[in-house]
Structure formats: C-alpha cells, structure tokens
Amino acid sequence: MTDLEGGLDEPEELQPAEGTLRLVGDDDTYDVAAWEAATAAVLRKARRLGDDAPDSDVWAALAHTTLDGIEVAPIGRPADLERLTTSGRPQRTGAWDVRTSLVGDDAAAINEAALVDLDNGATSLHLDLSRTVDLPTALRGVLLDLAPVTLDRPDAEQSEALARLLDQVAGDPHPANNLSADPATALAFGERVGDDGSTVAETFVATVRRAQGLGVLGAVVDGTALHDRGASDAQELGWTTAVGVHYLRLLTDGGLTVDEAAGLIEFRYAATDEQLPTIAKLRAARRLWARVLEASGGSDVPQRQHAVTSRAMMSRFDPWVNMLRATVAAFAAGVGGADAVTVVPFNERLGLPDAFGRRIARNTSSLLIEESHVAAVADPAGGSYAVERLTDDLAVAGWAELGRIEADGGFGEQAAAGVKERVRAVRDARDAGIADRSRPLTGISEFPHLGEVLPERAPFGRAGIRYASAYEDMRAAPADRPVFLATMGPVAAHTARATFATNLLAAGGVAVEAAGATSDAASVLAAHAGQRVVCLAGTDAAYAEWGADLVAALRAAGASYVVLAGRPGERTVTDVDDSCAVGVDALAFLARVREELAR
C-alpha cells in the first residue's frame, strides 16, 4: 500500500494463504482438438491448405520432422512424458568452461592469441595446430594448472609435448587438460593412413595411462568428426556411444577399471542453431552413456561434455549471420548442460580467424553466462514437455544406431562402412531440403546480398561439409549477365513475386534488371534492353489479361528463355520455358538459368 502524499504506509501483517488458487474457470479446459481448431483458423491462409482442409491437417503441417524421422509436435503435452524414465539432466552447476578455438601454424601468433583470450574471458583453450607447430612456444605463459588445454587432432609427438609441459607444472595440472584425441574415429574414416589398428590401440592405452598418472584426461570421443561429414543427431549419438564402448574395452583390457576409464574420457559434440535438438542431444548423450556404464558394471560416472558450435552450418557469404547461428548454438549447449563450450569464430569460413572473430566468439559465452544468466539455473529445459519427449526419442534412436554398429562387429571397417552409408543418406535428405529451401539458410538461400564485399583473410582450410556449399559455389562465380525482371503492373501488384524471384536468383549469383512499374506489354518492352533470359512477375489477373501478349513481344525482341514467377499448376501463360515458386528445386532452377545466361 502506498500514500503518494504521505509516503509509504506501514506494511500490513501478512497472513498465510488458505485453500487453493484456481487460475482458470471450470469451462476453461481445452483438448488437442480445440487447439487444432484455433490454430487452423489462423494458419489456413498462410499454409495454403484451403478452407476445407481438416483441422488435423493444419496441425500436422506445423509438426517438424527431424532428419532422424523424429516428429516434433507443435506444442508439448503432459502425455508426452508418459513412460519416460530418466531425462539425462545436466550434472554441471554454474558457468560452463569458456573454451576458445585457436587454429594455425604460427606458434608465436597462437601464443599471443591464447594469452589475449585468457585475459579476456576464456577459461581454457582448444588448439587445432599444424603438426609442425612448437607446442611449448604456443603455450608459453599459459598456466596449465588454471587454464586447461585440449588438442583437436594431435599426433603422438604433440601428445607427448603436452605431457611434458604438464609434468613441469609446479602444482597439479588442471584435471580438464587432455592429452589425446579420438584415434579410433580418425582410423575408421581414413585420417590415419598407413596406421595399424593394433598399434593405434597400444599407443592410445599408453597415452591414457600417462594422463592418469598426471591427473588429467586422456581421451576424446569426437562426435563433431561425424557431424562434419553430415551425420544426424542420432547418428552422432550412436557413433560416439559406440566409440566410447570401444575405448572402455581397450582400457579395461589394459588394466583400468570401468570407472577409471570412464573418468578419463571427454565427449565432444556439435551444437547447431537447431536449438531444441541440440539441447535434447546433450541430454540424450548423458542418458546413453549412463546406460552403457550400468551395463558394464560401472558406477554413475558423469559424462564430461565439450560442445563445439557447428562448422557445417556456417556460411562464407554474409558471414556475420554466423554470429547469430553461434549464439543460438552456444545457448543450446549451455542449456543442454555442456561442461565446456567452444564458439567457433564467425569468420573462420573466410580463412584464418582474426582478433575480432575470436573476441566475438568468447564474448558470446560471456554474455550468455554473465548477462543472460543462462548458467544460473541448473537445468533450464528440465520439465519441458517438448525437450523431455525429444530427449527420449533421440536416446532411443541413438541406441538403435549403436545396435546397428554393434551388429556390424562393434567397431571396425564393416561398422564404419555402414555408418558412412547411413550418413550419406541423411546428407542427401538434408541437401534436398536445402535445394528446395525447406531448410533455409539465411543470407545464402534466403535474403542474399549480391553486392557484399567480403573481408580478406589468410588461407585456412578444414575438412568437412558445408550446408551452403552449392549456393556459395555459384555465388563465388556470379553470372556475367542479368535476368530481365518483367514486372507487370504497378509496384504494389507485382512486389511479392518480383521480390521472391529477385531473392531466388540472387541466391545463385544472378542479378536482375527490373522494368519497374508498368501498365501493359508496351511499357515492359520499353524497359527491355535485349536480355535473353526474362522472368515475368505479376498477379494472376495480369498473367491472364496480357501475359501471353507480353511473352510474344519479348520473344520477338530477343528473349530466348522465359520464366514465370508462380506455380506451374497455376499457369495462365503457357508459352514459357520455366517457372519458379515456393518449393521449387532452387539449385536445379538456378543451374538451368545460369546455363541459359552463359549461352
């Protein structure tokens, strides 16, 4: 209570609440059918399903199916939690380890960047170095008892160099330092050409033993290696679980207990801008690993997780959008419970990341932790119907993938061949969605900027797929000639289709020259400068009224390839060579247009 003239009144004594508080009336209860009806009323027009489409069809159109065939419903319901046993909730409390990524072949430059990162928010380092880089120089001044170091794909020499540095630490090295990487995955995918499997296993066990003596981690199970080849979330989960099982077998055969072996392994997962699947994947990973340890007779040793924002999702063109992608991915990784999070610099696709790219990368985590307080809550996604359901579905799918790998021999050439084949199928499905833009790439397949000038960076290459590669390859070699955009009618009438066609063509490196506001075929023809490829953009009424006359006039003026902006089934102009509309295979369409422009 307040008195604006006399100041604050004396507080009244609070009385304990009695009974229950109902926030809804007796009639305010709704079932799924009611939600379907309300949703359908709003979305029928936007989804082009027609007034006579059943409510359930509209509802189904809002569901999202992942590349693993898992359907994510539009809203979660209490029934989604039925029969769920465990959710894989995070074990981490408080802030995650801000682990910055450093790449290159110049030890002095890497050292300078490492010290800057550690002075400005980073708490550990993830190094992807050339085999010739001198590790002591790269890590000069880094306090390995406070700031742990992990190596991306080290060889035996680099692992030994890091072990010697850890041996020289005055106190105890930070336990999150890691001597090794994932030699089994590298061997399975041909990255260690000429290596013998038994020799790799012996070296691996010896390295882990050395790490155990130093009190640090000794192995990595790298799911990003499969993700970078195009794997789905469930495939990444199945593979990492299989490799983890393989390492448990090697290490227990080498004399360690299950608990000792599990405590020396760190799992690395890709975090993408698909927020809910990333959260669910990290939760499902903990659930799968706990089941493996249970079946192996071990204790509940927490799975240590290092999340790295996806490189495959990053674009070379319009690279600043990568900041947004990485922010969503880092948020999802933090909410999902990752112990350490590496945000890949947004401009890595352009070449060697600069100081600005690294600064934005580390500040992304700092903002999420310090300003957004994401890490203040132990399990932000806990109890969410959608996340809990997706976690369970992913865990089941990941366990099924593990079963397929085990059926192919547990680990080895046959299992790796099966994984590669299944990953290829997923990659093809993703590519099909990228081609028809049902899986949009902002700044690439959607809203591209043809006039952008990219900053130059020192060359830096890294293996792995790029979701945007097909579009970016065309953008890198833009068409020499523009398409004439034959806009039919006033601006307000043709804007929607003209904008769609302009953006679609720009995605393939094709510029347009538009006629602007017109009234008839003669006014369009007056703006035509002899371009061979023409795209008509207007309303259905304009197409029906004077579209045929316009096409005939344009052909007489030299147009040899005429495109209609609109669905093929809705054509009222028949004498055209191609069409473009929502759902078209954009890559195939752009290839045809570019071929005509090159004639």
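Student: What do β10, helix α12 and β11 make together?
Tutor: In this predicted model, they form a right-handed β-α-β unit, with α12 covering residues 321–336.

Student: And how many bridges join β10 to β11?
Tutor: Three, and the two strands run parallel; β11 is residues 340–342.

Student: Is β10 mostly enclosed or open, then?
Tutor: Largely enclosed by the rest of the structure, because five of its six residues are buried.

Student: What about β9, how does that strand pair with β10?
Tutor: They're parallel too, joined by six bridges. Look for Glu266, which sits opposite Arg304 in β10.

Student: Which helix does the chain pass through from β9 to β10, and what's the hand?
Tutor: The path goes through α11, and that β-α-β crossover is right-handed.

Student: Where does α11 pack?
Tutor: On the sheet, where α11 (residues 275–295) touches β9 (265–271) and β10 (304–309). The direction of α11 makes about 155 degrees with that of β9.

Student: OK, zooming out. What's the strand order in the whole sheet?
Tutor: It goes β7-β6-β5-β11-β10-β9-β8, an open sheet of seven strands with parallel pairing.

Student: Which strands stand at the edges?
Tutor: β7 (149–151) and β8 (219–222). Each has a single partner strand, so one side of each has no neighbour in the sheet.

Student: How much twist from one strand to the next?
Tutor: On average, 25 degrees.

Student: Switching to β5 and β6: how many bridges there?
Tutor: Six, linking β5 (residues 97–104) with β6 (residues 124–129), and those strands run parallel. Arg99 is the residue opposite Ser124 in β6.

Student: Which helix packs on the sheet touching those two?
Tutor: That's α3, residues 107–119, and its direction is at about 165 degrees to that of β5.

Student: Back to α11. How do its axis and the α14 axis cross?
Tutor: They come within 8 Å and cross at roughly 55 degrees, with α14 being residues 385–407. An angle between 35 and 65 degrees counts as oblique, so α11 and α14 are oblique to each other.

Student: Is that crossing left-handed or right-handed?
Tutor: Right-handed, as α11 passes α14.

Student: Which residues meet there?
Tutor: From α11 they include Leu276, Ile279, Arg283, Arg287 and Val292. Among those on the α14 side are Val387, Leu390, Leu394, Gly398 and Trp399.

Technical notes
Residues are numbered from 1 along each chain as its sequence is written. This is a predicted model: local features need pLDDT of at least 70, side-chain atom pairs count only at pLDDT 80 or more; totals for chains, interfaces and linings use all residues. Side-chain values use heavy atoms; hydrogens and water are left out. Two strands pair if DSSP finds at least two bridges between them. Helices (H or I, at least four residues) and strands (E, at least two) are DSSP runs, numbered from the N terminus. Axes are lines fitted to C-alpha atoms, for helices over the stretch in contact, and angles run from 0 to 180 degrees between N-to-C directions. Contact means heavy atoms within 4.5 Å. Buried means under 20% relative accessible area, exposed over 50%, partly exposed in between (1.4 Å probe, protein chains only). A crossover is right-handed if, with the strands pointing away from the viewer, the path from the first strand over the helix to the second runs clockwise. Angles under 35 degrees count as roughly parallel, over 145 as roughly antiparallel, 65 to 115 as roughly perpendicular and the rest as oblique. A crossing is left-handed if the near helix is turned anticlockwise from the far one by less than a right angle, and right-handed if clockwise.
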